[in-house]
Amino acid sequence: MAPKPESQTTSSSPVHTTSDDSSIDPILHILKIFPYGLLRLPRFRLKLPTLRLPSSMAVFSLLLLTYFAVVSGIVYDVIVEPPGIGSTQDRHTGAVRPVVFLPGRVNGQYIIEGLSSGFMFVLGGVGIVLLDLALDRNRARSVKVSFASAGVASVVISYVMSMLFLRIKIPAYLQ
Amino acid sequence: MEGANGGGKSAATQGGSKATDLSASNTFLFSLKTLKLKTKQQELLIRVSILCLVYILAFITRLFSVLRYESMIHEFDPYFNYRTTLFLTQKGFYEFWNWFDSESWYPLGRIIGGTLYPGLMVTAALIYWSLRFLRFAVHIREVCVLTAPFFASNTTIVAYFFGKELWDSGAGLVAAALIAICPGYISRSVAGSYDNEGVAIFALLLTFYLFVKAVNTGSLAWALASAFGYFYMVSAWGGYVFIINLIPLYVLVLLITGRYSMRLYVAYNCMYVLGMLLAMQIRFVGFQHVQSGEHMAAMGVFFLMQVFYFLDWVKYQLNDPRLFEAFLRITVTCAVGVGALALGVGTASGYISPWTGRFYSLLDPTYAKDHIPIIASVSEHQPTAWSSFMFDFHILLFLFPAGLYFCFQRLSDATIFIVMYGLTSMYFAGVMVRLILVATPAVCLISAIAVSATIKNLTQLVRAKSKVAHTGTGKGTSGTKASSKASRDQSLPFQRNGAIALLLGAFYLLSRYATHCTWVTSEAYSSPSIVLAARGAYGNRVIFDDYREAYFWLRQNTPQDAKIMSWWDYGYQITAMGNRTVIVDNNTWNNTHIATVGRAMSSYEDEAYEIMRSLDVDYVLVVFGGVTGYSSDDINKFLWMVRIGGGVFPVIKEPDYLVNGEYRVDKGAAPKMLNCLIRSSCQKEQLEDEYKLSYYRFGELTTEYGKPPG
């Protein structure tokens, strides 16, 4: 049971006093005498903001954002503080080449590789959601077709890219 | 029949035989008809057979290391559990419950009966005794090795019922199949991994299922069952703190979203009160449920529920909304004020202890790195990178957000619970690699919801068109729905083919998941850690059994009361297999004692000798992997010894051992590093002062050991 929203209508005073007289609140009665017996309240046009629970889809988008952050390894980034992208030096030419995927360990990453992989996972999830939106609702045909094709494309792209990333990261994968 | 076939009988018998022939064929046809089952029975048969197959699959996929090496206990912690189970089966429960062990943590000793979670040992002992009662002459080691796969199979059954409670039986079946092979769970429940988590995940899922069932039905029996499930969880693993914080959080969310009901009241009160009383029976837990800060959330929500019930009752009595509003405001203010005051007084007076370091580092991940190096040093406690998630979950990482979406579409008490469980456990899995295990059941269940809902949509599309083609018009509501779908179908001509293609794609993805899981289990998670394998020069497999040979040497060739000093990783194994007293072992409860050992390992030899004399050490065990390139030996762990030692004794300073901020162990190392005890013990030439250390070298398969002083 949520606490009742404080949407009191502070309009004209006569309505106010009748509700005050029948109130059983002792503190209210004390306050009526001092100091509000001496002061005179001006006419307000303010209204306290009503606290409403957010819609379920709003909560869902917030949770999707949190999921993206966690799965990208943001806690790892904060604690271990890896560089955004790694670098090696070419032995012969001396040029500095960037290295995107941290080699050698399963539980290690650079920041950018974490974020891009997390984006792929969320893209796959969104693709499945789009598929469901395309199949279920009474929408216009063009909208359904575009949802369905976007959904299928998202799932395929995210799966292929995630497998590619994993194969680059772990060279011995599936051998 | 012979009488009927016999010739020379009367026509009556001939006619009788014809009649029996006819009735025989009639009964044959009749029995064929009874074999054809009704749809409900067919469905039941399919479900039961799928569950049986999943049960067997969950068991056999965990047997890789038993088939490759032999049936032995893996890793470090399981050896302690094995030793205590052995003691329990030999001496009985009373001796086990009151056991004081002087063989570990010399000279302090350890009250084992009061400092462990007995659930795992008691479970294995019960299985052992029941098998013995049925006259199966098994050894306790076999029971210990196979306990974890057995409980993994039971977890799949519980996952089926949980999925059925959350969504429908299709989701339950998918959940059971996913959790049977998920690598996140397999990593800690493979055969030979005789550790608390193998049993604890079963207890966790069982407690959650029983509680959700209690909230859905409001029955006291289910709430009672969930209290006993909680008791089993408390007896099995320290991670029960997750349950006692998630369930109050869930109740709070239900109260905020306006889903307070009598069912919730009955379920939570019964579970909390009974569960708390039962949990106090475990000596290790003791009175923590009323004294520790980690358990205060449950108590706070308990009192909040009483306030809600009281308000409901007053509302029912008052029949006056305005009076009730005023009363509500007063009561809520008073209740919150009294609660905050009580919490403040309890914390300030010290009665309510603050959050322990282990759990506080989950809320503030940077805490352990700065303040508690022992916790930060364990490799399982590192934060998780994306590749660990992908490795352990694969497809489920895509299906998890989709499953969340479906849960939000159909919000109920049960789906709110699984969403909360999934999100909190995913956050903790991001903080610590080890906790991916706790997140696995939630991820599997939510993914199962996504799979089940998507496949149901697709198959409905596939079947809708054929239904319209076969049934005529005017068959009631189904006919009108089908005809309306037909009118929509006509606008998308290739819908059926598209749906079939998508179904095939979904099955392809699930088959890739199964391939990935089997590969990961076989390559990454089936290593016993105590026996190592590598590829020889000709590609043949070479097995290093040096650890066990070293412990066996200690058991055979040292006096009975010899004391062994080693780094704390090997303590349990030395006590279990070498049967000798150790200075420190894996139960890292005394930081100063471990720091003393760390200081001895990193000091010059004369200082180290003094320290070891004071600890009464006879032998030192050191792991050196230089010859074969074994990467997790003591030289690589050395910096942690320095950090932990330096945490208590400021004499040890980490920069002394580094060269230009880099850790080197060859000729270019820092002078303190070159001359400290660990490194000189790993050099090949013999040293002629008093301490010749025991060490073994990989690859040579012969060991050289020194002699004790005096």
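**Chain B, from fold to rings**

Modeller: Chain B contains 33 helices and nine strands. The model is a predicted one.

Colleague: What share of the residues in chain B is buried?
Modeller: A residue is called buried when its relative accessible area is under 20%. Chain B has 710 residues, and the buried share is 51%.

Colleague: Among contacts in chain B between residues at least 6 apart in sequence, what percentage joins residues at least 24 apart?
Modeller: A contact here needs heavy atoms within 4.5 Å. For the contacts in question, the percentage is 71%.

Colleague: What span does helix H14 of chain B reach from its first C-alpha to its last?
Modeller: H14(B) covers residues 262–279, which is 18 residues. At 1.5 Å a residue, 26 Å is expected. The span in the model is close to that, at 25 Å.

Colleague: Which helices are included in what covers the buried residues of H14(B)?
Modeller: The buried residues of H14(B) include B:Leu264, B:Tyr268, B:Met271 and B:Tyr272. Their cover includes, from chain B, helices H11 (196–217), H12 (220–236), H13 (240–256), H15 (288–291) and H16 (296–318).

Colleague: How many aromatic pairs does a search of the whole structure find, and what is the geometry of B:Tyr250 with B:Phe417?
Modeller: Over all chains, the search finds 45 aromatic pairs. For B:Tyr250 and B:Phe417, the ring centres are 5.0 Å apart and the planes stand at 80°, so this pair is edge-to-face.

Colleague: How many residues apart in sequence are the parts that this pair ties together?
Modeller: Both B:Tyr250 and B:Phe417 are buried. B:Tyr250 belongs to helix H13 of chain B and B:Phe417 to helix H23 (residues 413–431) of chain B, so the pair ties together parts whose separation in residues is 167.

Colleague: What kind of pair do B:Phe417 and B:Tyr421 form?
Modeller: Both residues lie in helix H23 of chain B, four residues apart, about one turn of the helix. B:Phe417 and B:Tyr421 are both buried. Their ring centres are 6.3 Å apart with planes at 35°, so the pair is tilted.

Colleague: Over the face of which residue does B:Arg410 lie?
Modeller: Elsewhere, B:Arg62 lies over the face of B:Tyr185, 5.0 Å from the ring centre. B:Arg410 is at 3.9 Å from the ring centre of the residue whose face it lies over, B:Trp167.

Definitions and conventions: Residues numbered from 1 in each chain as written. Chains lettered and ligands numbered in written order. Predicted model: local features only at pLDDT ≥ 70, side-chain atom pairs only at ≥ 80, totals over all residues. Heavy atoms only, no water. Helix = DSSP H or I, 4+ residues; strand = E, 2+ residues; numbered from the N terminus. Buried < 20%, exposed > 50% of the residue type's maximum accessible area, 1.4 Å probe, protein only. Expected span 1.5 Å × (residues − 1). Phe/Tyr/Trp six-rings, centres within 6.5 Å; stacked < 30°, edge-to-face > 60°. Lys NZ or Arg CZ within 6 Å of the ring centre and 35° of its normal.
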